Structures are given as structure tokens and as C-alpha cells.
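Dear colleague,

I am handing over the structure below, and the notes after it set out what was found. Please read them with the model open beside you.

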Amino acid sequence: MGSNASDRPIIGISTYVEAATWGVWHREAALLPTTYVDAVHRSGGYPVLLPVLPDEPDLSAVDGLVLAGGADIDPARYGGRPHTELGPTRPPRDGWEVRLLRAALDRDLPVLGVCRGAQIMNVALGGTLHQHLPDLVEHRDHQPEPAVFGSTKVELSPGSRIAEILGDHVEVPCYHHQAIAEVAPRLAVTGRAGDGTVEAVELAGARFALGVQWHPEEDAADDRLFVALAAAAKEVRGDHRA
């Protein structure tokens, strides 16, 4: 889409905090795969990166929110004990993204949770996680090997918001070894993989609040979720200008 930046809704995207290397530097950085930035921009939004901060979020300048993927969530946040296969956690990021989500929902901003972002939505609203999915499904298709995306077929609930966007089923790129276990009371499961893994959740009564366990930003041929997010965010932008 070639619209001017001023016409585009501003979409905040949460970022990683990781040790990174560029040029001659090896330092901690607030970073994000550009696939997220590109997906938001292609879909009509103006992406803005939101670094992890100790503060309460101020989302008055954004029209929508993407909670990005990343590290495992600290199980202490949902009353769990660490599994032996638990990967590195980022507790400050967990807390920041929980606050981001609550701030967004308080303002009825559109939210799209991606992979870890869907898990954050569930945990923030009172749910729990399976810490190592292969224990449950007895395969590793959701995360075939390090840095290799898998593919999974997802059946979506007829009449759900996500089915309105994607249809009754979709094949998607995935990369996760954790997944939603006990579903938060305010969330509805609207998509599952063939092995029963929760793949999509949505928050009833919200303007737009979807979480998907897969990585839609990795499929440049299918921006439908980001287009729907940008359309909902554009409504917010219109409300702000009214």
C-alpha cells in the first residue's frame, strides 16, 4: 500500500531484549525481526517499535498493538515450576508485555498476539501454559529444529472473528515448544491444530483482540491478519481525529 505515513494507523510492536552483534559491536539491544515491520507496513500500518521499559505503558500515540514472539515466559508468572526443557526467560519483558496488553485493552486498542504474544495474552488474563509441548503431543512438528519453522494445519471455529478473516482452515508457519494449557476465563479458543494444540484465541467484546500460536509475519503471501489489524486500528485513528 502506498498511502502517506500520516494516513496509516500507528501500530506498536513489542521488541526483544537480547545480546546482538552488528558491525564491530556486541551489545544488548532492543530488536525485532524485520518480518514484523514489513508485514505491518505492507498491510497499511505504520510500525513503531516498543522497547521494554520499567514504566507503565503510555499507548496514547498508537492505534494498535502487536505482541511479538520470543523467549519462553517465566512459569512463575502463572504459578508453574520450571520444566527441565524450559528455555531462557525474560521476566522484565514478560512484565512489560502484560502491562502493554492491559493498557491496550483498557483503551480498546486492536491487539494481535503472535506465538509468545498469544501466550502472554493467556497468562495475563489468568491462564497457564504447557511448558514443553512434545511431552503432550509426542512429536516436534511445531518446532522441528533450531531456527527452522514448521508448518501446521489449523481448523478455525466457524463464526469466529479469525474465521471471518482466514476461513475455516489455514496452513501456517510455526515455531514453538510451548502452548496454551488452561485457557484464561475471558478468552475463547477459536483454532486448534490436528493434535489438539490451541492455535488461536480471541477476547469476546473487544474491538479486535486475537492471539495466534503461529507466525503470520513469516508468510509474506498472506497478510490477512495484519490487514485486519490495520483496518481495526484505522477505526481507532479515525476516532482520535473526530
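The largest nonpolar core has 32 residues, and those that touch the most other members are Tyr36, Val66, Leu156, Ile162, Leu166, Trp214 and Leu225. A nonpolar core here is a set of buried Ala, Val, Leu, Ile, Met, Phe, Trp, Tyr and Cys residues joined through side-chain atoms within 4.5 Å, where buried means under 20% relative accessible area, taken with a 1.4 Å probe on protein chains only. Two or more residues of this core come from each of strand E1 (10-14), helix H1 (34-42), strand E6 (111-114), strand E8 (150-156), helix H5 (161-166), strand E9 (169-174), strand E13 (209-212) and helix H6 (224-241), and H6 gives the largest share, 6 residues. Helices (H or I, at least four residues) and strands (E, at least two) are DSSP runs, numbered from the N terminus. A second, separate core holds 30 residues, including Ile10, Val62, Ile120 and Val198.

Please keep in mind that this is a predicted model, in which local features need pLDDT of at least 70 and side-chain atom pairs count only at pLDDT 80 or more, while totals for chains, interfaces and linings use all residues. Residues are numbered from 1 along each chain as its sequence is written, and side-chain values use heavy atoms, with hydrogens and water left out.

Leaving aside neighbours within four places in sequence, Ile162 is in contact (heavy atoms within 4.5 Å) with Leu156, Gly167, Thr190, Ala200, Glu202, Leu210, Val212, Trp214 and Leu225. Leu105, which lies in helix H2 (residues 91-106), is 57 residues from Ile162 in sequence and 18 Å from Ile162 in space, C-alpha to C-alpha. Not counting residues up to four places away in sequence, Leu105 touches Val111, Leu125, Leu203 and Ala209.

The charged end of Arg93 is 4.8 Å from the ring centre of Tyr16, and that of Arg27 is 5.8 Å from the ring centre of Trp25.

Which residues line the largest cavity? They are Leu166, Val170, Glu171, Val172, Pro173, Trp214, Pro216, Asp219, Asp222, Arg224 and Leu225, a lining residue being one with an atom within 4 Å of a point, and a cavity being a set of points on a 1 Å grid over the protein atoms alone where a 1.4 Å probe fits but cannot get out. E9 supplies the largest share of this lining, 4 residues.

With best wishes

Note on methods. Buried < 20%, exposed > 50% of the residue type's maximum accessible area, 1.4 Å probe, protein only. Lys NZ or Arg CZ within 6 Å of the ring centre and 35° of its normal. 1 Å grid on protein atoms, 1.4 Å probe; cavity = no way out; pocket = protein on both sides within 12 Å on 5 of 7 lines; lining within 4 Å.
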